Amino acid sequence: MHPPEHLAEVAELAGGFIHEVKNHVSTLNLNLQLLAEDFAEPQTPRERRAKQRIDRLQAQSEKLVEVSNDFLRFVRSQDLKRAPTRLEDVLAEMIDFFGPTAKAADIDIRLYATPGTPQVQLDRELFKHALLNLMLNAEQAMPEGGTIVLQTRPDGDVVCLDVIDTGNGIELEDLEKVFRPFHTTKPGGTGLGLATTRKIVRAHGGEIDVLSEPGRGTKFTVRLPKVVEAIR
């Protein structure tokens, strides 16, 4: 096993490298935009072909920026600012934020919070990013619409959060790979969303697992240590 300081150094180096890549891609994007303006109204077949190639290059550059941003979030997800938090409050915020997207996709979101569920130590904003990844994953699994169920419940020394969808489900051969960095079965996906989610959950001292049945839906379960109240 590598010592934690070595892993932190690798993460810092990787983050710096990706930041430099983003700078160069930004310069590339700027020049492509200027070039696209020169071909904004192509007059000949050659100019139309050039415009199509420029458009493809711009799309790939934007993809590089997206992958870079996802990777930066992945390597930097260890830096936590935690405080005792009611998980259902965070879920309510995310439902409010994600609601318009869900409505446009004909998706109903339901929240079931078990009364008396203990608080957990959360970096609120970072955990909301992990939860957003799970909700986006659920949305993509339900192209015809469906239901997302968010439920919290105590379970011994941990608090469980279930994120359940009624989507396409995950094939058995893909199920064991869903948390691997850069593994994706979605067109245009970066393969870092669920990997980042697991990294964030583990940075909180928790774990995440998944159950799925093709054609029936998927359930992700996050388990986080509960806040132990001090005895007065």
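This is a predicted model: local features need pLDDT of at least 70, side-chain atom pairs count only at pLDDT 80 or more; totals for chains, interfaces and linings use all residues.

User: At roughly what angle do the axes of H4 and H6 cross?
Analyst: Roughly 145°. H4 covers residues 124–140, H6 covers residues 193–203, and their axes come within 9 Å. Axes are lines fitted to C-alpha atoms, for helices over the stretch in contact, and angles run from 0 to 180 degrees between N-to-C directions.

User: Is that crossing left-handed or right-handed?
Analyst: Left-handed. That term applies if the near helix is turned anticlockwise from the far one by less than a right angle.

User: Which residues make the contact?
Analyst: From H4, they are Leu126, Phe127, His129, Ala130, Asn133, Leu134 and Asn137. H6 brings Gly193, Leu194, Thr196, Thr197, Ile200 and Val201. Contact means heavy atoms within 4.5 Å.

User: How many of the H6 residues are buried?
Analyst: 8 of its 11, so H6 is mostly covered; buried means under 20% relative accessible area (1.4 Å probe, protein chains only). Lys199 is one of the buried residues. After H6 comes Gly205, with a positive phi near 80°.

User: Zoom out. How many helices and strands are in the chain?
Analyst: 6 helices and 7 strands. These are DSSP runs, with helices (H or I) of at least four residues and strands (E) of at least two, numbered from the N terminus. The order of elements is α-α-β-α-β-β-α-β-β-α-α-β-β. Of the 232 residues, 38% are buried.

User: What is the strand order in the open sheet of 5 strands?
Analyst: S2-S4-S5-S7-S6, with mixed pairing. The edges are S2 (107–113) and S6 (207–213), each pairing on one side only. Twist averages 15° from one strand to the next.

User: How many bridges join S2 to S4?
Analyst: 7, and the two strands run parallel. Two strands pair if DSSP finds at least two bridges between them. In that pairing, Ile109 stands opposite Ile148 in S4.

User: Which strands does helix H3 touch?
Analyst: S2, S4 and S5 (158–165). H3 (residues 87–104) packs on the sheet, and its direction makes about 170° with that of S2.

User: Thr152 next. Buried or exposed?
Analyst: Buried, because its relative accessibility is 1%. Thr152 belongs to strand S4 (residues 146–155). Beyond its neighbours within four places in sequence, it contacts residues including Leu87, Leu91, Tyr112 and Cys160.

User: And which residues does Met135 touch?
Analyst: Met94, Phe98, Ile109, Ile148 and Leu150, leaving out residues up to four places away in sequence. Met135 lies in H4 and is buried, with a relative accessible area of 0%.

User: How far apart in space are Met135 and Val163?
Analyst: 7.7 Å, C-alpha to C-alpha, though they are 28 residues apart in sequence.

Technical notes
Residues are numbered from 1 along each chain as its sequence is written. Side-chain values use heavy atoms; hydrogens and water are left out. Buried means under 20% relative accessible area, exposed over 50%, partly exposed in between (1.4 Å probe, protein chains only).
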